[in-house]
Amino acid sequence: MKNMHATQAVRGLLYKEWIKLRYLGLVPFALLLVGLGDSFYDMHGMKSANGGLSLWNAVIFRSHMPFEPMRYLPLFSGVWLAAVQFVPECFNRRLRLFFHLPVNEHKALFLILGLGAGLLSALVGILCLAQACITSLFMPAEAARLSILTLAPWCLAGFIAYAATALILIETSPVRRLWHGGAGTVFVLALVDARGYGSHIDGLPWFGLIAALWFATISNVLDRAKRGSS
Amino acid sequence: MMLLSRLALALLSVLALAKILPGYVEQVFPRDYETVLIAYSADQERLIFKHYRGGNWSYSDDRGNRLTEDEMRAALPFAHIRELERLGRLPDEVAGWPFDPEAAARHGTRMRLTPRQLDKPDFSLYTLMESVPGVKGLETPPDLFRMTDRIEFIDAASNRIDEDKSRRFSRALAAAGFTHPARLVGDNASTLKSYDNGALLVDAQWRVFHLWQVNGEPRVTRTDTILPPSVLAIRVLQPPSREYHGIVIFPDQLLLLDWENHIPHRLPLDGHRPAAESFSAEETPLHWEFSHARNETGVRKFVLADRQLNPLLRHTWHEGDADAGKRAIRANSMGLLFPFRLEFHIDENTQRSLYFSTFGAPWPATLAGIAAALCAYILWCRRRHGCLPHGLDLLFVLLTGWFGAITLAVLGPLMRRCPDLPISG
């Protein structure tokens, strides 16, 4: 009987996430489409106007990035998705309801986080693959490879932004909200604030670990919110 | 599980503080340290120092005499040949050598190597321009090449491999005994040079090959130079004097490959580390001048060598006592406040990563800072929660100093010692 209630609760949670994300979750994908189109027409335009050599010179010798407008897309998407998912949960102290579900609150939290992170993964996966395909249309495979390595830290910044936004929204203390926001900003800026191709290749494993740590922090904030609210 | 989560948040907070706080606190200390460039006046047989501090230049020699800008220029005619020419003050002779502006320009190579050039990611696509371009002059080639199990030229217009050219050049390399895969490639894509010197390739056996494109056809030289596997990079040079083909960079030395037969000649440097120090070379018709320095150390090493790279004079410049004192005060104060710092970007590298460093303070200063942080945290717990902190919290502060103390004060302790004490979130 208890299992049945838990299953129904999980279904209910999934349905609630679907309701929240079905339209607003598409906004980052719409922006991605615009960004990819811009990247394609940047390269296509340069090649048709001045020839392939001009495009290669710009990219290889002058570090021109046709996908530059997408620098902040994963970051915005992370903040947006976390806000869409957690603002309705946390606004007006509604988080208290979360602790009365017939399912463990940490499982429920990671279900929501998993959905958001999965959606973000789909977005950055499409971004990297599509950009690699677009680059390969005009340039050798080496350029496509380095483009993906250049996009990777921006994508990691998106995951950190997602986890930090969720943390800020779940947090109940205004001082700690500011604290989490400041700490998140430090790492996000470290990932998006660099010029040139492949500037984070050596540091990617470390920044990946930091992104994973940000997700690990959320459950104890939820736990404290529960203790504070009970 | 919850402890790991709390530790993760505390650790991230410490990392963020270690990035932010030292940077802000350091602004308190003056940063107008003196830097110096060193050159040799062959005519006057003395070293000339160009001092730079706070946006101003001043000049002196190794005997302690102050020099005016005009005196400095006159002492270094090779380095200021254009200015002296404009002023009509070119010397008739320098150290017994009849001054010839053309020869001075021909032997006026200037070379700069920085650690950032070594770790800069590249596309692994290289240029091979036409070395005998005729009246058109040097032009960017319409293709780039990559090294796989053969040499492949990719045409920029079609983004396709030029099979015919790739076959011809692969055959030429194979005929010269080149073993794939290539270990290193050195090219020079600039067209702003007086001639093209092709590309230097290091094959799987670490042998150096030199490849040119002459009238569209490959020309390969198999050299007798086999490099040790510790080599970091190889660069092709186009000096007007045509004395050296390239430079080879190792973790602890630099070699020049001579023009006749690519034999390596070691530069007579004293403990140079290319991955950490910037290096400059100035050629004159009489000498070679080398200098290398590491950022923020207040030390620059200078070597004067003859045309055959035999050292003639060595000099190590140390910053003055006032600057060294300022540096020590900064190091001690920072070491007292913070046990370490985190930077995502350092001057020596292009790569953004996690760079931890200490401030070079004596260990008693660092320990005193950590002890102060521990005491402050214990007092905070006593005052705020009425009990002593848990051992794990103390260990955390012991390892992270003030960063950990501030973090735990804001977020709460990692472990509960008193039953009514809230734990961190």
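Residues are numbered from 1 along each chain as its sequence is written, and chains are lettered from A in the order in which they are written. Because the model is predicted, local features need pLDDT of at least 70 and side-chain atom pairs count only at pLDDT 80 or more, whereas totals for chains, interfaces and linings use all residues; side-chain values use heavy atoms, with hydrogens and water left out.

The contact between the two chains (heavy atoms within 4.5 Å) draws on 51 residues from chain A and 44 residues from chain B. The size of an interface is often given as the accessible area lost when the parts come together.

Across the interface of the two chains, 1 salt bridge is found (a side-chain nitrogen of Lys or Arg within 4 Å of a carboxyl oxygen of Asp or Glu), together with 15 residue pairs in polar contact, both residues being at pLDDT 80 or more. A polar contact is a pair of N or O atoms within 3.5 Å; within protein, one must be able to donate a hydrogen and the other to accept it, and residues adjacent in sequence count only if both atoms are side-chain atoms. Several helices of chain A, among them helix 3 (52-62), helix 6 (105-138) and helix 7 (141-170), each supply at least two residues of the side that touches chain B, and the largest share, 8 residues, comes from helix 8 of chain A. Helices (H or I, at least four residues) and strands (E, at least two) are DSSP runs, numbered from the N terminus.

Chain B is divided, by an automatic or database domain assignment, into domain 1 (2-29 + 335-411), domain 2 (34-106 + 277-318) and domain 3 (114-266). The centres of domain 1 and domain 3 of chain B, taken over C-alpha atoms, are separated by 49 Å, and their contact takes 7 residues from domain 1 and 5 residues from domain 3. The area buried between these two domains is about 480 Å², of which carbon and sulfur atoms give 46%; in domain 1, Glu348(B), Thr350(B) and Gln351(B) lose the most area to domain 3, together 75% of what that side buries. Between domain 1 and domain 3 of chain B, 0 salt bridges are found, while 4 residue pairs are in polar contact, both at pLDDT 80 or more.

Thr350(B) lies in the loop between strand 23 (341-343) and strand 24 (355-357) of chain B and counts as buried because its relative accessibility is 14%, buried meaning under 20% relative accessible area (1.4 Å probe, protein chains only), exposed over 50% and partly exposed in between. The side chains of Thr350(B) and Asp119(B) are joined by a polar contact of 2.9 Å. Not counting residues up to four places away in sequence, Thr350(B) touches residues of both chains, including Ser199(A), Arg116(B) and Lys120(B).

Met147(B), in strand 8 (residues 143-147) of chain B, is likewise buried, at 17% relative accessibility.

Definitions and conventions. Buried area = accessible area lost by both parts, 1.4 Å probe.
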